[in-house]
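Here is a short report on a pocket and on ring contacts. Look over the sequence and the model before reading on.

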Amino acid sequence: MKIEGAQMSRLCGVACALLVLVAMLATATVAGARGRRAAEASAKAPAGDRALRHRVHRPPARTAIVNGTQISIAQAPWQVAVLAEFAGESLLCGGSIIGPKEVVTAAHCVFDETTDQPIPAADFEVRAGTADLLASEPTLQERSVSSVRPHPYYNPTEPLPRADDLAVLTLSAPLTETAGSVQKLALSALGVGPPEGTAVGLTGFGEESSSPPDLNGKLNAISMTTAFPRRCGGESDALYVCASTPSGSLCSGDSGSALTTPGSPATAIGVTDTVQIIQAVACRPGAGGGFANLAAPEIADFVGGSESPPRAPRGGGD
């Protein structure tokens with residue numbers, strides 16, 4: 001299926017817009033894609049938690065899970081929350097542990113949507129070992145970020161979908177690997193991505209409903225099935241994995257979370273970037289999600305440390 005003029009918007013936090021992919025609506029009007037401002041924190045909230053409560057209760061638009069199942073961190077010990085406060089904005093994204101000091105997330109999570117400039121590393125915080133962003137679980141590990149490395153070919157001003165939408169964060173101190181709460185996620189081997197119809201899973205913090213918005217900071221999971229990559233990747237289909245489920249959807253709160261194949265251990269095949277809008281509504285059951293393809297050399301080489309990875313082909317078949 002060839003997609004013409006697909007409507008898109010990013011899946012990020014207060015500082016970003018929903019990277020929303022509208023397949024099937026070639027003449028649809030592109031809606032404004034400005035994330036919602038975080039609400040004022042409650043005066044009764046503990047001072048140390050106020051910024052986090054801003055992010056959790058009133059985030060902008062970064063992917064989450066609708067009609068998923070609440071899980072413990074033991075079921076996805078690679079999952080982290082990527083948080084930031086910058087220029088009066090709040091940000092919430094997901095991410096995955098790929099090394100003691102490395103987290104992979106979406107590139108649009110590390111840019112200020114109002115200026116298209118990178119967000120300073122010092123403005124980020126990563127929370128690992130927790131399945132509840134508003135609870136102080138004994139397994140929680142918090143780290144600041146020393147450097148942010150977006151993919152060298154990612155361009156925040158390009159039309160959507162944007163290729164190479166992923167970034168690697170370097171933490172200021174290594175995470176302590178702990179069985180059942182903080183563990184590295186294996187990455188997909190080089191290739192072309194999974195075939196259509198592959199069973200995959202997604203975990204993430206974020207909205208469990210888009211109408212009314214429901215973001216409670218709990219970690220959720222959903223099972224999905226992969227689809228034809230042209231559906232979400234357009235001309236950059238070699239760099240995308242597409243997946244959906246008729247029973248649920250991605251939504252607002254968690255761009256950057258990993259799409260995984262089941263197994264012990266699980267394997268990351270994609271990084272969450274986009275979600276489809278159906279009949280002008282985002283996060284509807286059946287909405288397709290777009291994920292940066294970790295099997296593509298252009299992406300895998302970058303994650304491995306290269307700043308000049310090979311360029312993947314553009315303009316795939318119908």
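## Pocket lining and ring contacts

The lining of the second largest pocket has 12 nonpolar, eight polar and one charged residues. Asp, Glu, Lys and Arg count as charged, Ala, Val, Leu, Ile, Met, Phe, Trp, Tyr, Cys and Pro as nonpolar, and the others, Gly among them, as polar. This is a predicted model, with pLDDT of at least 70 needed for local features and 80 or more for side-chain atom pairs, while totals for chains, interfaces and linings use all residues. Residues are numbered from 1 along each chain, and side-chain values use heavy atoms, without hydrogens or water.

The second largest pocket holds about 350 Å³ of space. Of its 21 lining residues, Gln75, Trp78, Thr260, Gly263 and Ala266 are closest to the centre. Strands S13 (199-210), S14 (213-227) and S17 (258-261) each give two or more residues to the lining. S13 gives the largest share, five residues.

Now the rings. There is one aromatic pair (ring centres within 6.5 Å; planes under 30 degrees apart are stacked, over 60 edge-to-face, the rest tilted). Phe111 and Tyr154 form this pair, which is tilted, with 5.5 Å between centres and 50° between planes. Phe111 is in strand S7 and Tyr154 in the loop between strands S10 and S11, 43 residues apart. Both are buried (under 20% relative accessible area, 1.4 Å probe, protein chains only).

Two arginines sit over rings (CZ of Arg within 6 Å of the ring centre and within 35 degrees of the ring normal).

| Arginine | Ring | Distance to ring centre |
|---|---|---|
| Arg149 | Phe302 | 4.2 Å |
| Arg311 | Tyr153 | 3.8 Å |

Technical notes. 1 Å grid on protein atoms, 1.4 Å probe; cavity = no way out; pocket = protein on both sides within 12 Å on 5 of 7 lines; lining within 4 Å. Points joined across faces, edges and corners; volume = space filled by probe spheres on them. Helix = DSSP H or I, 4+ residues; strand = E, 2+ residues; numbered from the N terminus. Phe/Tyr/Trp six-rings, centres within 6.5 Å; stacked < 30°, edge-to-face > 60°. Buried < 20%, exposed > 50% of the residue type's maximum accessible area, 1.4 Å probe, protein only.
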